[in-house]
Amino acid sequence: MNPILFIPYIATPMVIVTIAYFATSTGLVPAATVMPPWVTPPIIGGVIATVSWQGEVLAAVNLLVSVLIYLPFIKIATDMALKEEVARNQAA
């Protein structure tokens, strides 16, 4: 229940679904026709789902976009945790 990470937790799926929708609707990537097992790694899952190398590229792009969305929020959460730790150490 980290309020800092709530924003990317909600925003990231919306962004990557939008990217995937437009990639599929414009014909850059074939539609997903196979449901890969849930334990399949992301990039391999893209290949299996679309039965195409374009699915691999889309999965890699979505993974990169997800990381880029989360990075600033992880940095903020880390900085806040470090400040709290320093404050606790100074109080002790």
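How far apart do the end C-alpha atoms of residues 5-23 lie, and what share of the span is helix and what share strand? The end C-alpha atoms lie 27 Å apart, and the span is 95% helix and 0% strand. Helices here are DSSP runs (H or I, at least four residues), as are strands (E, at least two), and they are numbered from the N terminus.

The model is predicted: local features need pLDDT of at least 70, side-chain atom pairs count only at pLDDT 80 or more, and totals for chains, interfaces and linings use all residues. Residues are numbered from 1 along each chain as its sequence is written, and side-chain values use heavy atoms, with hydrogens and water left out.

An unreviewed UniProt entry places the feature "transmembrane region" at residues 5-23 and 43-73. UniProt positions follow the numbering used here, feature names are shortened, and annotations may be inferred rather than shown by experiment. In residues 43-73, the end C-alpha atoms are 24 Å apart. That span is 94% helix and 0% strand.

Helix 1 (residues 6-25) packs with helix 3 at an angle of about 155°, their axes 10 Å apart. Helix 1 is therefore roughly antiparallel to helix 3 (angles over 145 degrees; under 35 count as roughly parallel, 65 to 115 as roughly perpendicular, the rest as oblique). Axes are lines fitted to C-alpha atoms, for helices over the stretch in contact, and angles run from 0 to 180 degrees between N-to-C directions. From helix 1, residues including I7, Y9, I16 and A23 take part in the contact, and from helix 3, residues including L58, N62, Y70 and F73. Contact means heavy atoms within 4.5 Å. By class, this contact has 13 nonpolar, three polar and no charged residues (Ala, Val, Leu, Ile, Met, Phe, Trp, Tyr, Cys and Pro are nonpolar, Asp, Glu, Lys and Arg charged, and the others, Gly among them, polar).

The axes of helix 2 and helix 3 come within 7 Å and cross at roughly 145°. P42, I43, G46, V47 and T50 of helix 2 meet G55, E56, A59 and A60 of helix 3. Five nonpolar, three polar and one charged residues form this contact.

S52 sits in the loop between helix 2 (42-50) and helix 3 (53-91). Its relative accessible area is 12%, so S52 is buried. S52 touches P30, G46 and V47, not counting residues up to four places away in sequence.

E84 is found in helix 3. E84 is partly exposed because its relative accessible area is 46% (buried is under 20%, exposed over 50%, partly exposed in between, with a 1.4 Å probe and protein chains only). C-alpha to C-alpha, E84 and V61 are 35 Å apart in space, and 23 residues apart in sequence.
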